[in-house]
Amino acid sequence: MADKVALILFSGTMDKLMAGSIIASGAVANGMEVDIFVTFWALLQLKKTGVPKPTLSPEAGDMSKQIMKIMQEKKVPSWLDTIRNLKDIGTVNLYGCAMFADLLGLKKEDLDPIVKEVIGVSQFVDMAKDSKMTLFL
Amino acid sequence: MEEIKPTRVIDARGSFCPGPLMEMIKAYKQGKVGDVISIYSTDTGTKKDAPEWIKKSGNELIGVYDRKGYFEIVMRKTK
């Protein structure tokens, strides 16, 4: 069985989501499978409609506008496109957090089709316990 | 030495880490044993990551070449 990496995407800021997608790429490059649990503000970014406008973490401060502009100019792919591309190379599974989805009345159908399933924390922790590495972003 | 002609050339110039590496791996997965894959990149992370990946995955690193304003990494799929 392939080694696994478990990621918890919590923050919905673009920089942290990108960090997650880049780490997932590194894992896939190393022949590892990736299970991603998406919750809270990150889950909002997976809604089909009414997605909050992506921003950078508050620590970007005054640089925020400039960095966003540079990323646009240099055509940096979105975190979600990076994940989509990974599916051609390896195994990446995205799971929506049932707790936060329930709180907002979101169903699997309300989320991007890349979401494999909406699952509870216990099921995810069960996946994570067999992983070589678990990160919370 | 006779120059080795690549089976496939990937121009990933302007793409950032880990983009070029992932493009290379994709081409590797789609290719067949014996294929020579060449990748152009301007990303410094790739210059280190890609040769490392080629060696670790048990394939052949033919070379890393400095070109004008970019570099080229050439590998042969051996497995």
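**Salt bridges, helix packing and backbone geometry**

I begin with a contact in chain A, where the side chains of A:Lys129 and A:Asp126 meet in a salt bridge, at 2.8 Å from N to O. Please bear in mind that this is a predicted model. A:Lys129 is exposed, with a relative accessible area of 57%, whereas A:Asp126 counts as partly exposed at 41%. A:Lys129 also forms a salt bridge with A:Asp130, and here the closest N and O atoms are 3.9 Å apart.

How many salt bridges does the structure hold over all chains? The total is 12. One of them is formed by B:Lys26 with A:Asp88, the closest N and O atoms being 3.2 Å apart. This pair crosses between chains: B:Lys26 belongs to helix α1 of chain B, and A:Asp88 to the loop between α4 and β3 (92–97) of chain A. Is B:Lys26 buried or exposed? Its relative accessible area is 15%, and B:Lys26 is therefore buried, the limit for that class being under 20%.

I stay with chain B and turn to helix packing. Two packed helices are described by the angle between their axes and the distance between the axes. For helix α1 (residues 19–30) and helix α2 (residues 44–56) of chain B, the axes come within 9 Å and cross at roughly 25°. Because angles under 35 degrees count as roughly parallel, α1(B) and α2(B) are roughly parallel to each other. Their crossing is right-handed.

Next, the backbone. Most residues other than glycine have a negative phi, and most peptide bonds are trans. In chain B, a cis peptide bond joins B:Cys17 and B:Pro18, with omega about 0°. B:Pro18 is found in the loop between β1 (8–11) and α1 of chain B.

Which phi values stand out in chain A? A:Phe40, although not a glycine, has a positive phi of about 40°; this residue lies in helix α2 (residues 40–44) of chain A and counts as partly exposed at 24% relative accessibility. A:Lys75 likewise has a positive phi, of about 50°. A:Lys75 lies in the loop between α3 (64–73) and α4 (79–86) of chain A and, at 70% relative accessibility, counts as exposed.

Finally, the surface of chain A. A:Met99, A:Leu103 and A:Leu104 form a nonpolar patch there, with about 310 Å² of accessible area together. A:Leu103 lies in helix α5 (residues 98–104) of chain A, and its relative accessibility of 60% makes it exposed.

Terms used. Residues are numbered from 1 along each chain as its sequence is written. Chains are lettered from A and ligands numbered from 1 in the order in which they are written. This is a predicted model: local features need pLDDT of at least 70, side-chain atom pairs count only at pLDDT 80 or more; totals for chains, interfaces and linings use all residues. Side-chain values use heavy atoms; hydrogens and water are left out. Patches are made of residues with over 30% relative accessible area and no salt bridge: like charges are joined within 9 Å, nonpolar side chains (Val, Leu, Ile, Met, Phe, Trp, Tyr) within 5 Å. Accessible areas come from the Shrake-Rupley method with a 1.4 Å probe; for residues, only the protein chains shown count as cover. A salt bridge is a side-chain nitrogen of Lys or Arg within 4 Å of a carboxyl oxygen of Asp or Glu. Helices (H or I, at least four residues) and strands (E, at least two) are DSSP runs, numbered from the N terminus. Buried means under 20% relative accessible area, exposed over 50%, partly exposed in between (1.4 Å probe, protein chains only). Axes are lines fitted to C-alpha atoms, for helices over the stretch in contact, and angles run from 0 to 180 degrees between N-to-C directions. Angles under 35 degrees count as roughly parallel, over 145 as roughly antiparallel, 65 to 115 as roughly perpendicular and the rest as oblique. A crossing is left-handed if the near helix is turned anticlockwise from the far one by less than a right angle, and right-handed if clockwise.
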